[in-house]
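Welcome, and thank you for taking a look at this protein chain with us.

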Amino acid sequence: MSLRRRDVEQWMSHRRLPVELRRKVREAERYNWAATRGVNEEMLIENLPEDLQREIRRHLFKFVKKVRIFALMNDTILDAICKRLRQKIYIKESYVLSCGCLIEKMVFIVRGTMESVEENGIRNPLSEGDVCGEELLNWCLEHSSVNRDVKKIKLPGQSLHSISSREVRCVTNVEAFSIRAADLQEVTSLFPRFFRTPRVIRAIRNESPYWRTFAAICIQVAWRYRKKLLNRANTSQSTSC
């Protein structure tokens with residue numbers, strides 16, 4: 001740890017990072033070391049036999065079934081997802097998603113707390129067992145490159161991505177695992193029948209703060225439109241009388 005800290009300090013001095021940025025780097029390094037003890041698990045596991053890799057991942061990622069979406073999946077699908085999960089460390093006040101930016105990954109919270117803020121200001125807390133970026137999974141189940149509200153785009157030479165309509169910020173230091181958009185798209189294409197079952201789609205939408213908020217907004221818009229039509233009908237009847 002001392003050697004790592006010395007290397008980081010020398011690098012920051014060489015790059016002439018400002019004081020506040022150096023403070024954030026030190027905090028991230030401390031939390032990262034506490035979570036991993038300085039061991040690169042991915043490199044360590046990749047050098048082992050495949051059957052042993054699978055057993056180790058099942059042990060390390062047994063928490064995955066605590067995530068409500070994954071609780072519905074069988075071992076074959078879980079193995080495919082766990083193989084593509086990457087550990088992520090976020091420090092307090094850092095941003096996981098930004099409004100109007102591409103969603104490049106799904107993030108599964110293992111430890112810590114986040115806060116999701118919609119475009120209309122609605123706030124939703126996220127904690128252990130919650131997921132952010134789940135819009136990406138729903139997007140992966142669709143084939144169109146651009147939808148009617150232009151929320152998905154295709155960049156030259158890249159795979160498709162979804163555009164975030166919310167901001168997700170870390171309230172505390174967060175330990176999480178993420179899966180990239182390309183990896184998620186590969187898994188959904190390998191098991192299309194499972195991901196397209198009504199039970200899974202309902203679970204994704206019902207358990208997601210993002211989709212619950214989206215549904216509430218749609219209901220509000222429909223109610224206001226219906227109320228407007230009724231008011232117009234009543235006004236027309238009054239005028240005719």
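In which sense do strand β4 and β7 pair, and over how many bridges? β4 (residues 105-111) and β7 pair in the antiparallel sense, over 2 bridges. Two strands pair if DSSP finds at least two bridges between them, and helices (H or I, at least four residues) and strands (E, at least two) are DSSP runs, numbered from the N terminus.

This is a predicted model, where local features need pLDDT of at least 70, side-chain atom pairs count only at pLDDT 80 or more, and totals for chains, interfaces and linings use all residues. Residues are numbered from 1 along each chain as its sequence is written, and side-chain values use heavy atoms, with hydrogens and water left out.

**The sheet**
- Four strands form an open sheet in the order β1-β11-β4-β7, with antiparallel pairing.
- Its edge strands are β1 and β7 (131-132), each of which pairs on one side only.
- β4 is mostly covered, as 5 of its 7 residues are buried (under 20% relative accessible area with a 1.4 Å probe, protein chains only).

**Helix α2**
- Glu27, Tyr31 and Thr36 are buried in α2.
- Seen down the axis of α2, the buried residues fall within an arc of 145 degrees (taken from the directions from the helix axis to the C-beta atoms), so they line one face of the helix.
- Their cover includes β1 (86-90) and β11 (174-180).
- α2 lies across β1 and β11, and runs at about 140 degrees to β1 (angles run from 0 to 180 degrees between N-to-C directions, with axes fitted to C-alpha atoms, for helices over the stretch in contact).
- Just after α2, Arg37 takes a positive phi of about 55 degrees.

**Confidence**
- The chain has a mean pLDDT of 79, with 84% of its residues at 70 or more; pLDDT is the predictor's confidence in each residue, from 0 to 100.
- Over residues 143-159 the pLDDT is below 50, and this stretch has 23 contacts in the model beyond near neighbours in sequence (heavy atoms within 4.5 Å).
- Where pLDDT is low, the predicted coordinates should not be read in detail.

Methods. Buried means under 20% relative accessible area, exposed over 50%, partly exposed in between (1.4 Å probe, protein chains only).
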